[in-house]
Amino acid sequence: MTRTTTATGTAPARRPAVAKAAIIADLRASMAELKCIGSERLVRQGISMTQLHVLHLLDHHGEMPMSRLAEMLDVSLSNGSGLIDRIEERGFVERIRVASDRRMVMVRLTPAGRETLDEIEVVREQVLRRVLDRLDATQLAGVATAMADLREAVAATLTGTVAHHHAPPSQGRD
């Protein structure tokens, strides 16, 4: 991966917009590479990226009505149903009719679907560990602090609260 940031200490102080653009570019590139890790094997097995996305949505949001899943995918209900048909054939999801309203169909991840997602995470974690193994203790501390600050800024942005800066992990961080 090509680094897009400038020399340490110059970009953030002198040109915050340029530094932010470089950070965004680096994050996008890194996230794209990590997203593909593990997913490539599934695609070779005939599981599309869209199907994988459905598995991730169900994992993150839990069981949901078919209509809501189609809405989240921004597809028609019939297209969403066709997609779920193909994933269900593989045993990764199941449909459940709601007893009190037979028109409502819930979709949920099966144990096989959960296992598939777990396998991907194992591969991704192994790669991340190899990446982090290339950093020395000072770099690791800097990454840990930056990641905690980034997580907090994301949470604050999403909730509308003010972020508080953390001390490095070695200084009593929770």
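**Close-up views of a predicted model**

View 1. Helix H6 (residues 77-89) lies across E2 and E3, and its direction is at about 120° to that of E2. Helices (H or I, at least four residues) and strands (E, at least two) are DSSP runs, numbered from the N terminus. Angles run from 0 to 180 degrees between N-to-C directions, with axes fitted as lines to C-alpha atoms, for helices over the stretch in contact; contact means heavy atoms within 4.5 Å. The model is predicted: local features need pLDDT of at least 70 and side-chain atom pairs pLDDT 80 or more, while totals for chains, interfaces and linings use all residues. Residues are numbered from 1 along each chain as its sequence is written, and side-chain values use heavy atoms, leaving out hydrogens and water.

**View 2. The open sheet.** Three strands form an open sheet in the order E1-E3-E2, with antiparallel pairing. Strands E1 (64-65) and E2 (93-98) are the edge strands, each pairing on one side only. Two strands pair if DSSP finds at least two bridges between them; six bridges join E2 to strand E3 (residues 101-109). Helix H4 (residues 49-61) packs on this sheet and touches E1, E2 and E3, its direction making about 100° with that of E3.

View 3. Helix H2 (residues 16-36) has 21 residues. Its buried residues (under 20% relative accessible area, 1.4 Å probe, protein chains only) are Ala19, Ala22 and Asp26. Seen down the axis of H2, these residues fall within an arc of 65°, so they line one face of the helix; the arc is that of the directions from the helix axis to the C-beta atoms. The face turned away from the buried side carries Ala17, Lys20, Arg28, Met31 and Lys35, which are exposed (over 50%; partly exposed lies in between).

View 4. Side chains of opposite charge can pair when their charged atoms come close. Asp59 forms a salt bridge with Arg114, the closest N and O atoms being 2.1 Å apart. The pair links distant parts of the chain, since Asp59 is in helix H4 and Arg114 in helix H7 (residues 111-133), 55 residues apart. A salt bridge is a side-chain nitrogen of Lys or Arg within 4 Å of a carboxyl oxygen of Asp or Glu. Asp59 is partly exposed, at 36% relative accessible area, and Arg114 is partly exposed at 27%.

View 5. Glu71 forms a salt bridge with Arg68, with the closest N and O atoms 2.7 Å apart. Both residues lie in helix H5 (residues 66-73), three residues apart, about one turn of the helix.

Conventions
Expected span 1.5 Å × (residues − 1).
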